[in-house]
Amino acid sequence: MMEVEVVVVGAGVVGACTALSLIQEGKKTLLIDQYTAPNSLGSSMGQSRITRHAHSGPKQLSPILNLAHKKWAEISSQVNEELISPAQMLVVSHERKEVERLAESMKQSGLTPSWLTPKQTNTKYKTRFPDDTFMFEDRSGGVMKADRCLAAVMRLYREKGGEVLEGWKVEGVEERSKEGHGGVRVWGPKGEVRALSVVLCLGPWINSLQCNLNVHLPIQPIKTRASFMRNEGLPNSTIYYIQDSAVAFYILPAMDSEGLIKVGTNVGLAVTPDSDDEGDKGLTHLKEMIADFSSRYLPLHPEEERHETCWYSETPDKEFMLDRHPQHPDILLVVGFSSTGFKTAPAIGHIAAHMVVGKDHGFDISPFSVHRFIPSKSKI
């Protein structure tokens with residue numbers, strides 16, 4: 001049995017950043033993952049992600065993104081490695097209100113969107129967007145070297161004395177008040193860890209603990225698929241295309257393969273990770289959907305050269321949860337990051353660590369409360 005001050009469960013980018021922030025606050029921290037850290041099985045796998053200030057979330061997300069941008073720059077400086085390659089993001093949609101909403105979010109960060117006409121866009125990006133589309137550029141955007149970002153955070157965490165327990169599946173978490181003690185007990189097939197607090201950053205695996213947490217978190221794991229296609233004219237940039245209120249596409253350079261462009265979507269197949277034995281079955285329609293979208297609008301070779309699968313963790317309103325367990329304040333829930341994890345991770349880690357140590361983090365996180373889904377008077 002091990003004893004530490006704080007356990008962080010889940011060594012993806014959000015969990016790693018939280019563990020790093022905790023150890024910077026002087027807390028003896030243990031980071032646990034059921035696989036190796038990092039690994040290619042969860043939501044933090046892959047070589048590239050988009051970062052930007054434009055977003056479709058609540059206004060309270062803007063200052064979190066601002067802090068995250070600053071902290072990623074600090075992490076990059078500390079490891080002496082470029083982790084984010086500058087690349088302006090083009091936001092496009094037939095839905096004017098959706099584009100205006102993202103443009104307004106830039107203003108909340110003190111930035112100015114650069115509006116373009118379809119003709120200007122098609123000339124600059126070699127695209128084929130029709131005249132009834134609306135678009136602007138977020139020139140603060142970039143492409144994150146996702147695997148290197150996570151490796152950098154893990155390196156700093158270990159250098160500061162942080163402990164990592166790999167290949168250690170967590171099956172249960174509970175407060176030790178039931179035993180007449182304070183703190184939290186975390187257990188699995190390989191043993192038990194006791195701590196004063198636990199932070200749960202399990203991504204799509206959070207549901208495996210819900211029977212032990214005695215609370216229902218409405219998080220749906222989504223398995224999705226991205227295609228890698230040969231570039232035939234798209235400049236160094238990223239594109240976020242909003243098809244409608246439910247479907248969007250993202251386009252960015254493949255950081256590990258020169259000349260390839262990664263094209264993905266925010267939709268996929270609702271599958272439980274531990275029962276996922278279908279491989280890529282059920283995702284064929286995504287390949288076809290991406291191919292159709294690309295052939296209509298993008299200067300890419302029509303044939304897919306390779307693909308990758310990854311996981312989203314979605315809440316009903318698409319916003320993450322960052323809050324204490326409604327009945328157990330020593331258990332912090334940091335889950336449901338559905339495509340926002342890398343962009344926000346260092347800031348989320350900062351906020352979560354301050355919550356654990358009892359410091360004022362200075363952010364309004366009310367839109368991310370678990371109580372929007374869990375009645376405050378729910379019984380355990």
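**Sheet, flanking helices and overall dimensions**

Helix α1 (residues 13-24) lies across strands β2 (6-9), β3 (29-32), β14 (197-200) and β22, running at about 170° to β3, where helices (H or I, at least four residues) and strands (E, at least two) are DSSP runs numbered from the N terminus. Axes are lines fitted to C-alpha atoms, for helices over the stretch in contact, with angles from 0 to 180 degrees between N-to-C directions, and contact means heavy atoms within 4.5 Å. The model is a predicted one, in which local features need pLDDT of at least 70 and side-chain atom pairs count only at pLDDT 80 or more, whereas totals for chains, interfaces and linings use all residues. Residues are numbered from 1 along each chain as its sequence is written, and side-chain values use heavy atoms, with hydrogens and water left out.

The open sheet has six strands in the order β10-β3-β2-β14-β22-β21, with mixed pairing; two strands pair if DSSP finds at least two bridges between them. Its edges are formed by β10 (163-165) and β21 (321-324), each of which pairs on one side only, and the twist from one strand to the next averages 15°. Strand β21 pairs with β22 (residues 331-335) in the antiparallel sense over four bridges, and Met321 has Val335 in β22 as its bridge partner. Helix α8 (residues 341-357) lies across β2, β14, β21 and β22, and runs at about 5° to β21.

Strand β20 (residues 300-314) contains Glu308, which counts as buried because its relative accessibility is 11%, buried being under 20% relative accessible area, exposed over 50% and partly exposed in between (1.4 Å probe, protein chains only). The side chains of Glu308 and Lys262 are joined by a polar contact of 2.9 Å, that is, a pair of N or O atoms within 3.5 Å, of which, within protein, one must be able to donate a hydrogen and the other to accept it, residues adjacent in sequence counting only if both atoms are side-chain atoms.

In total, the secondary structure of the protein comprises eight helices and 22 strands. The radius of gyration is 21 Å, close to the 21 Å given by the globule rule for 380 residues, so the protein is as compact as a globular protein of that length; the radius is taken over C-alpha atoms, and the rule is 2.2 Å times the number of residues to the power 0.38. Of the 380 residues, 56% count as buried.
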